[in-house]
Amino acid sequence: MNLLIFIGKRIFHAIFVILGLAIVIFAVARIMPGDPVRLAVGSRAPQWVVDNMREQMHLNDPIPVQFGYWLRDAAQGDFGISLVTRRNVAEDVREFFPATLELALFALTISLTGALLLGTIAARHKDKWIDNIIRIFSYLGIVTPSFVFAIIFILIFAFALDWLPAIGRLSNGVEPPPRVTGFYTIDSLLIGDLATFWDAIRHLILPALALAMASMAQEARITRSSMADNLTKDYIASARALGVSEGLIMRRFLLKPSLIPTVSIVGMDFAAGLGNAFLVELIFNWPGLSRYGMNAMLSKDLNAISAVILSFGIVFVLVNLLVDILVARLDPRISLSAGGGS
Amino acid sequence: MKRIVALSLLLLLALLLAACGAPAADSGAAADSGESASSAAPDAGEVASRQLRVSFSWPTFIDPAVGSDFSSGSALVNLYDTLVFPNPDGTISPWLAESWETSDDGLTWTFHLRQDVQFHDGSNLTASDVAYSFNRLQTIGEGYGYMFSGVDGANAVDDYTVEFTLAEPSGLFLPSLVRLYILNEDLVRANTAAEGSYGDNGDFGKDWLLTNDAGSGPYKVANFQLEEFLLMEKFDGWWGDFVENAPDQVRFIATTEAATVRTLMSNGELEISDQWQSINALENLGELEGVEIAALPSFTEFYFMLNTRLAPLDDVHCRRAMAYAFDYDTAVSLEWPGTQQSQGPVPRALGGHNPDVMTFSMDLDKAAEELAQCQYADELDQYPVEIHWISEVPDEEKFALLFQANMAEIGIPVEVVSTPWLSVVENTSAQETSPHIVTIYVSADLPEAGPILKQRYHSDTAATWSQNEWLLDEELDAAIDDSLTTIDQAERFAKYAEIQDQIAEEAPSLFIYDQVQKHAYQDYVDWPAVSGDASPLNGYFLYAANIGVHQ
């Protein structure tokens with residue numbers, strides 16, 4: 001019951017957060033320089049074409065009135081027409097968002113697995129050579145932008161070694177599976193098409209790895225610090241004094257409490273990764289929402305900008321909610337009903 | 001727990017190793033032999049067929065009433081036929097129209113169509129389709145619609161005769177028809193949404209035509225994954241002739257990233273690169289085995305646009321002094337080999353270009369002479385000149401810096417300003433906000449000089465990014481209008497030449513260089529553009545029916 005009340009409260013708060021976000025992005029998109037319609041139709045299109053399109057998009061109305069129209073339509077899932085793709089923005093989001101989500105989730109799997117592995121090893125061998133190597137790897141991972149990894153990976157694994165495909169979600173000639181979730185891996189499994197599933201995995205590896213590197217490095221450092229810190233606690237000393245084996249101490253008494261800061265940061269990393277994926281998507285020709293959003297901003301595609309940021313905002317809020325629930329489950333000292341998770 | 005983690009890790013590692021080890025279905029060899037590829041690709045024969053793969057910048061619009069940029073133009077010429085076809089020398093040939101005649105007053109044009117042309121769905125192309133396509137383009141008004149603003153309408157006289165009525169005589173009407181792509185009227189009507197901005201015509205099929213074609217061209221849409229690729233396949237029912245080894249499939253890949261393009265090129269997964277690769281990236285591509293670099297003529301000129309309403313540039317002598325003080329040779333040497341300094345306001349590849357037009361070259365003595373006559377000569381430090389280059393085109397900065405250094409030699413203070421494209425568009429939309437100088441590339445949409453002269457210097461097109469000069473000269477406007485309504489080509493070209501002389505004398509712009517369009521391409525591609533056998537008109541370099549792929 002506590003959990004339901006907690007979720008209800010958080011969703012209630014989230015509505016205000018998202019409304020605030022909507023107001024900010026709506027205003028920011030409209031104070032950017034340049035007439036979006038003129039940009040979309042080109043400098044040589046007759047003025048009447050521009051005027052008609054401005055009228056259709058309510059761009060001649062005062063900004064508060066425009067916001068009213070936008071809010072009314074957005075509440076019904078209608079974000080208007082994109083000036084870049086000339087399609088309904090909601091349709092674009094439905095098409096491109098699963099690609100980014102699939103990529104980000106795959107990256108999350110890689111980063112979390114890698115971080116736990118590296119963090120645990122580093123903590124267990126604290127201040128030894130292996131810890132130092134992992135530390136250097138982590139620093140490199142944190143300071144190197146994901147697009148640099150993307151370029152390095154593409155040059156090594158696609159260009160020099162030719163092991164993995166460089167672009168796209170599927171190989172030439174492989175038909176996308178019938179759309180259910182928009183995730184090619186899941187949709188191909190749903191129809192039992194293992195060949196397509198495998199092809200989709202092969203295409204996911206390089207971009208997901210590039211996207212995962214920074215968060216993996218950061219999470220590895222946090223896991224290592226947290227575990228090293230807990231290792232000095234009295235209850236660990238007691239366990240040792242009672243003759244409990246190091247392995248048992250690690251997996252039974254140390255891992256769970258040490259995961260709390262890692263899980264907290266994973267949520268933030270995942271949500272940030274969605275937005276930061278645009279360069280990785282660009283390099284790997286990945287048809288995702290992040291890249292779509294970047295194009296929208298460069299072209300001052302008002303409706304698309306609002307929809308993309310709002311979509312990422314909603315995911316951000318949801319992921320944070322999930323993280324709070326997870327953290328509360330991991331740490332019994334945190335009460336959900338006490339107002340707010342950690 | 002430990003066991004689960006260990007097993008998961010092993011599984012992940014196994015997955016990664018197996019994925020890396022599996023043959024790539026993308027590569028031609030894998031498609032032929034790899035078990036994974038052949039099972040993953042139900043129609044693997046498709047992969048093994050002759051392919052032309054080209055990298056492109058997204059988006060690509062394949063609706064003839066919407067698309068007009070480079071990638072859209074290249075797709076449209078392959079999917080649709082037009083009444084006439086552009087030749088490499090700037091003239092046009094009959095195409096869907098076998099012949100035509102014009103009335104004595106030049107207001108009525110009658111075209112007689114071929115009778116053996118099929119659309120991709122097998123239906124016959126008739127005059128009604130031509131009239132529908134024209135009316136649709138003109139009603140929507142986007143893309144190349146602006147080219148037909150002086151045409152009153154089109155009517156089908158009979159099944160294979162179509163008549164156009166013009167508001168006034170136009171020398172550009174016939175060449176403009178290379179941009180009138182003929183749609184299958186019945187197919188578009190069958191896929192038109194009832195709700196839309198065009199009254200009884202609903203959405204005019206715009207939504208459907210975003211990802212489908214309704215053409216009769218040599219290629220048809222096979223698969224269009226937005227933001228990822230456009231795949232077109234050969235239309236066997238096409239009435240025209242494919243060259244030997246013409247590609248079975250044409251794939252436009254939506255990427256221009258240098259590392260990605262290099263990888264694809266090296267792996268033999270890309271035949272022709274996009275034109276947006278930097279000089280450094282092209283040099284790297286050129287080092288790959290079997291990869292050549294093509295420097296193709298284009299209808300694009302690089303200008304420094306001088307605001308003739310802003311001191312000290314409102315004095316022609318100051319402008320001429322700048323034109324004489326700029327080091328064109330160095331500027332040209334900063335570009336790809338084969339680049340030439342521009343001769344006047346019209347790129348030399350365009351029909352009607354005046355090869356004898358006055359051309360400035362660096363001469364500091366003449367610059368000093370002109371500067372002495374400028375009313376601001378004694379107070380130049382009071383009038384610092386700003387030169388704005390486009391932030392998104394980093395290569396432009398070096399030209400702005402060169403200009404700054406050159407002008408310092410004659411005592412004109414120059415500030416170099418980096419300005420985002422959207423701000424340039426905004427600033428040049430009004431005289432008060434237009435800066436002293438903007439550096440911009442401008443391209444012609446038709447193969448002759450008239451349209452670019454109008455676009456760059458006519459008062460009607462002031463307040464757009466394609467001119468910062470603000471000449472607002474009624475006599476010049478009249479001369480441009482007169483040339484455009486002259487039907488006889490020789491007479492029209494002579495008028496263009498006079499206009500170019502007049503503009504060059506006024507030095508409202510610095511004419512830096514005619515851009516060459518640079519592409520990396522595989523040496524197994526027999527590409528007519530390289531030998532000068534393709535029209536430089538936007539899109540026609542990639543007319544795939546004429547390109548041989550000897551894989």
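The model is predicted, and local features need pLDDT of at least 70, side-chain atom pairs count only at pLDDT 80 or more, and totals for chains, interfaces and linings use all residues. Residues are numbered from 1 along each chain as its sequence is written, while chains are lettered from A and ligands numbered from 1 in the order in which they are written.

B:His550 sits in the segment after β18 (548–549) of chain B; helices (H or I, at least four residues) and strands (E, at least two) are DSSP runs, numbered from the N terminus. Apart from neighbours within four places in sequence, B:His550 is in contact with B:Asn245, B:Tyr524 and B:Asp526, a contact being a pair of C-beta atoms, placed from the backbone, within 7 Å. B:Pro247 is 303 residues away from B:His550 along the chain, yet their C-alpha atoms are separated by 9.1 Å.

A contrasting setting is found at helix α12 (residues 316–325) of chain B, which is largely enclosed by the rest of the structure because eight of its ten residues are buried. Among these buried residues are B:Cys318, B:Met322 and B:Tyr324, together with B:Arg319 and B:Arg320. Their cover includes β11 (291–306), α14 (364–373), α15 (396–408) and β16 (509–522) of chain B.

Elsewhere in chain B, strands β13 (residues 385–390) and β14 (residues 414–419) run parallel and are joined by six bridges; strands pair if DSSP finds at least two bridges between them. The chain passes from β13(B) through α15(B) to β14(B) in a right-handed β-α-β crossover, that is, clockwise from the first strand over the helix to the second with the strands pointing away from the viewer. Within this pair, B:Ile390 stands opposite B:Thr419.

Turning to chain A, its secondary structure comprises 14 helices and zero strands. The C-alpha trace of chain A spans about 85 × 55 × 40 Å along its principal axes, and 46% of its 342 residues are buried. Of the contacts in chain A with a separation of 6 or more, 70% link residues 24 or more positions apart.

The largest nonpolar core has 240 residues, and those with the most contacts inside it include A:Ala150 and B:Ile512; such a core is a set of buried Ala, Val, Leu, Ile, Met, Phe, Trp, Tyr and Cys residues joined through C-beta atoms within 7 Å. Beyond four places in sequence, the contacts of A:Ala150 include A:Pro207, A:Leu279 and A:Phe284.

Technical notes. A residue is buried if 20 or more other C-beta atoms lie within 10 Å of its own, exposed if 12 or fewer, and partly exposed in between; C-beta atoms are placed from the backbone. Two residues are in contact if their C-beta atoms, placed from the backbone, lie within 7 Å.
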